Amino acid sequence: MTTSELTLPQAEPQAGKKRGLSRRVMGAGKQLHAGPVTYLVLAVFALVSLAPLVWTAIAASRTDHRLAETPPPLWFGGNLFKNMQTAWDEAGLGTAMLNSVIVAGAITISTVLFSTLAGFAFAKLQFRFSGFLLLLTIGTMMIPPQLAVVPLYLWMADLGWSNQLQTVILPTLVTAFGTFFMRQYLVQALPSELIEAARVDGASSIRVVWHVVFPAARPAMAVLGLLTFVFAWNDFLWPIIALNQQNPTVQVALNSLGTGYVPDQAVIMAGAFLGTLPLLIAFILFGKQIVGGIMQGAIKG
């Protein structure tokens with residue numbers, strides 16, 4: 001038996017393995033299609049998620065007398081715009097909306113900026129006590145925010161900022177959660193070699209942050225910005241203490257609708273619906289970019 005006859009049976013399995021590998025590679029590029037079960041599960045989750053918002057809109061379109069009846073209404077009425085106008089006038093939602101945009105916008109921009117810088121420092125820079133400072137930052141997340149209300153209010157009163165918007169903005173310019181979130185993301189998404197290459201090319205620290213760190217952190221910054229904006233818009237505890245009805249945010253203004261001997265539930269629901277609309281509009285306008293940034297970060301990871 002010759003040498004070629006001995007090696008021929010071994011070559012056939014190798015060729016078969018290569019053909020199988022090529023078929024798997026070609027199959028990996030095909031687009032996956034969802035089945036009917038997937039669509040059914042997604043539809044159920046969508047209905048459950050939208051149910052509170054739809055019920056708020058239904059209640060806002062009815063009268064207070066109709067909401068007290070049994071069974072409750074399950075479809076829209078004709079008083080939606082009337083109740084919304086009443087809630088707008090009684091709560092002064094024009095000023096409250098503007099204040100909430102200012103407060104939530106300032107908190108979002110500052111939190112994303114400072115948390116990204118702090119997260120980059122903890123993730124990629126070497127300095128003394130970095131581990132201890134990171135643990136100290138994370139430890140502040142375990143302190144209930146209610147414990148800081150009294151000293152924080154006394155501090156703001158000493159500064160003469162009572163009933164002013166900066167009283168709400170200043171304590172949340174940066175958050176421990178945002179710093180930890182950005183640190184965890186940049187550890188994996190930002191190669192140290194990329195920073196070293198920028199340093200070799202003569203880039204300053206500001207240029208490294210602007211041209212290297214921010215582009216790499218953009219997906220996480222979008223997610224953090226969305227979460228921060230929603231939290232700042234819906235915050236109630238500290239604004240109700242720091243502000244009054246003459247200079248309120250949306251949540252503080254909506255609190256005035258529940259006062260009175262017999263609160264009008266339909267008007268309260270209309271006010272709550274108005275307070276939710278800016279969040280829905282923001283997500284509709286920027287949701288595609290936010291999801292695209294998340295997917296971009298997932299692909300890079």
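This is a predicted model: local features need pLDDT of at least 70, side-chain atom pairs count only at pLDDT 80 or more; totals for chains, interfaces and linings use all residues.

The chain contains 14 helices and zero strands. Read from the N terminus, the order of elements is therefore α-α-α-α-α-α-α-α-α-α-α-α-α-α. Of the 301 residues in the chain, 30% are buried.

Let me turn to helix packing. Two packed helices are described by the angle between their axes and the distance between the axes. How do helix 5 and helix 11 cross? Helix 5 covers residues 93–124 and helix 11 covers residues 205–234; their axes come within 8 Å and cross at roughly 140°. An angle over 145 degrees would count as roughly antiparallel, so this pair, at roughly 140°, is classed as oblique. The crossing of helix 5 with helix 11 is right-handed.

Helix 11 also takes part in a second pair, with helix 10, residues 192–200. Here the axes are 10 Å apart and the packing angle is about 135°. Helix 10 and helix 11 are therefore likewise oblique to each other, and their crossing is right-handed.

Staying with helix 11, I would point to M221, which is found in this helix. Is M221 buried or exposed? Its relative accessibility is 19%, and because the cut-off for burial is under 20%, M221 counts as buried. M221 is 36 residues from Y185 in sequence, while the C-alpha atoms of the two are 9.8 Å apart in space.

A second pair of residues brings in helix 14, residues 265–300, where T276 is placed. T276 and N234 are 42 residues apart along the chain, and their C-alpha atoms are separated by 9.0 Å. N234 is the residue at which helix 11 ends, given its range of 205–234. T276 has a relative accessible area of 28%, and is partly exposed.

Which residues make up the nonpolar surface patch? They are L125, F127, F129, F132, L133 and L136, and together they form a patch of about 590 Å².

Most residues other than glycine have a negative phi. In F129, however, phi is near 60°, a positive value in a residue other than glycine.

Where else does a positive phi of this kind occur in a residue other than glycine? One place is N163, whose phi is also near 60°. N163 lies in the loop between helix 7, residues 149–158, and helix 8, residues 166–169. Its relative accessible area is 33%, and N163 is therefore partly exposed.

That brings me to the end of the points I wished to present. Thank you for your attention.

Methods:
Residues are numbered from 1 along each chain as its sequence is written. Side-chain values use heavy atoms; hydrogens and water are left out. Patches are made of residues with over 30% relative accessible area and no salt bridge: like charges are joined within 9 Å, nonpolar side chains (Val, Leu, Ile, Met, Phe, Trp, Tyr) within 5 Å. Accessible areas come from the Shrake-Rupley method with a 1.4 Å probe; for residues, only the protein chains shown count as cover. A salt bridge is a side-chain nitrogen of Lys or Arg within 4 Å of a carboxyl oxygen of Asp or Glu. Axes are lines fitted to C-alpha atoms, for helices over the stretch in contact, and angles run from 0 to 180 degrees between N-to-C directions. Helices (H or I, at least four residues) and strands (E, at least two) are DSSP runs, numbered from the N terminus. Angles under 35 degrees count as roughly parallel, over 145 as roughly antiparallel, 65 to 115 as roughly perpendicular and the rest as oblique. A crossing is left-handed if the near helix is turned anticlockwise from the far one by less than a right angle, and right-handed if clockwise. Buried means under 20% relative accessible area, exposed over 50%, partly exposed in between (1.4 Å probe, protein chains only).
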